[in-house]
Amino acid sequence: FSNESIADYVSSIDMNGKRILSVAAGGDHAFECILSGAKSVDTFDLNYLQKHVIELKQQIIRNLSYADFMRFFFDKSCFFNREIIEPIWHKFSQELILYLSWYYAIGNAAARNMFVYGQSTCPSYDRGKISYIASPENYAKLAKILPNKINFIHSEIHNLVTKTDKEYDVILMSNIFDYVYDRLYEIDFAFIDCYDTLLNPLAEHNLSKKDGIICWHYLWRGFAASR
């Protein structure tokens with residue numbers, strides 16, 4: 001789950017009817033865009049496991065109640081309790097079934113590390129930062145419009161231009177900039193390199209030439225966008 005104020009910055013962009021390319025992460029960016037009226041959302045991530053996380057959340061949102069979702073992810077007494085998702089197990093892809101079967105088979109061991117937050121065994125969240133868990137009403141609205149499948153592109157961000165020929169109205173990069181350039185460059189050179197090797201190729205190859213936007217980095221008081 002994102003610890004970023006996705007609801008704040010997504011609401012500042014007109015998502016209605018737009019084609020979106022977003023970092024996959026835990027799916028929260030994609031869900032927020034869909035809830036805000038996006039026409040379509042493709043996701044990308046270097047970590048292939050995020051594909052499983054998104055599908056799992058997707059199927060729970062589409063088929064189970066808000067209460068079940070919150071219990072499964074945020075209630076320490078039944079965190080990741082298989083009984084909660086057993087009624088929709090047959091809806092999962094074979095790939096997700098294999099992963100979850102391995103996950104439950106090894107119990108509270110290595111695989112569970114991807115869901116551990118500090119000393120807690122389940123994630124924390126801020127309802128104000130992610131709209132679809134802010135209320136049962138928002139959750140129900142998303143459940144009605146959430147597609148059965150969200151396209152996932154397994155790629156390092158600089159290679160995206162070789163993985164898709166689609167054109168997007170909005171590209172969301174979250175805080176990838178901080179990890180690509182962390183302590184490797186002086187900030188001025190980092191910005192220049194980011195523009196030359198990442199933003200410009202993406203804009204030329206995958207961004208709509210009519211008012212396309214790349215949200216490429218967060219700032220303390222908002223976000224940075226390139227048109």
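**Entry 1. Backbone with positive phi**

I began with Asp 211, which lies in the loop between α10 (187–206) and β5 (213–219). I took helices (H or I, at least four residues) and strands (E, at least two) as DSSP runs, numbered from the N terminus. The model is a predicted one, in which local features need pLDDT of at least 70 and side-chain atom pairs count only at pLDDT 80 or more, while totals for chains, interfaces and linings use all residues. Residues are numbered from 1 along each chain as its sequence is written, and side-chain values use heavy atoms, with hydrogens and water left out.

Although Asp 211 is not a glycine, I noted that its phi is positive, about 60°. Most residues other than glycine have a negative phi. Asp 211 is exposed, with a relative accessible area of 60%.

I then looked up Ala 25, another residue other than glycine with a positive phi, here near 45°. Ala 25 sits in the loop between β1 (19–23) and α2.

**Entry 2. Helix α2**

How many residues of helix α2 (residues 28–35) are buried? I found eight of eight, so the helix is mostly covered. Among the buried residues are Asp 28, His 29, Glu 32 and Cys 33. After α2 comes Gly 37, with a positive phi near 100°.

**Entry 3. Salt bridges**

Side chains of opposite charge can pair when their charged atoms come close. I counted a salt bridge where a side-chain nitrogen of Lys or Arg is within 4 Å of a carboxyl oxygen of Asp or Glu. Searching the whole structure gave seven salt bridges.

Asp 28 and Lys 57 form one through their side chains, at 3.2 Å, N to O. Asp 28 belongs to helix α2 and Lys 57 to helix α3, so this pair ties together parts 29 residues apart in sequence. I recorded both Asp 28 and Lys 57 as buried.

Glu 167 and Arg 19 also meet in a salt bridge, at 4.0 Å, N to O. This pair links distant parts of the chain, 148 residues apart: Glu 167 is in the loop between α8 (160–163) and β4 (170–172), and Arg 19 is in strand β1. Glu 167 is partly exposed at 35% relative accessibility, and Arg 19 is partly exposed at 27%. I also found Arg 19, Glu 167 and Asp 169 linked in a network of salt bridges.

The side chains of Asp 68 and Arg 71 meet at 2.9 Å, N to O. These two residues are three apart in helix α4, and are therefore separated by about one helical turn. Arg 71 is partly exposed, with a relative accessible area of 34%.

**Entry 4. Packing of α3 and α6**

At what angle do helix α3 (residues 50–63) and helix α6 (residues 94–105) pack? I read about 100°, with the axes 10 Å apart. Axes are lines fitted to C-alpha atoms, for helices over the stretch in contact, and angles run from 0 to 180 degrees between N-to-C directions. The two helices are therefore roughly perpendicular; angles under 35 degrees count as roughly parallel, over 145 as roughly antiparallel, 65 to 115 as roughly perpendicular and the rest as oblique.

Lys 51, His 52, Glu 55 and Leu 56 of α3 meet Glu 95, Leu 96, Tyr 99 and Leu 100 of α6, where contact means heavy atoms within 4.5 Å. I sorted these residues into four nonpolar, one polar and three charged. Ala, Val, Leu, Ile, Met, Phe, Trp, Tyr, Cys and Pro count as nonpolar, Asp, Glu, Lys and Arg as charged, and the others, Gly among them, as polar.

**Entry 5. Nonpolar cores**

I took a nonpolar core as a set of buried Ala, Val, Leu, Ile, Met, Phe, Trp, Tyr and Cys residues joined through side-chain atoms within 4.5 Å. The largest has 51 residues, and Leu 56, Ile 60, Phe 69, Ile 85 and Tyr 132 have the most contacts inside it. Helix α4 (residues 66–74) supplies the largest share of this core, six residues. Leaving aside neighbours within four places in sequence, I found Phe 69 in contact with residues including Phe 1, Lys 57, Phe 74 and Tyr 139. A second, separate core has 20 residues, among them Phe 44, Tyr 168, Leu 207 and Trp 216.

Technical notes
Buried < 20%, exposed > 50% of the residue type's maximum accessible area, 1.4 Å probe, protein only.
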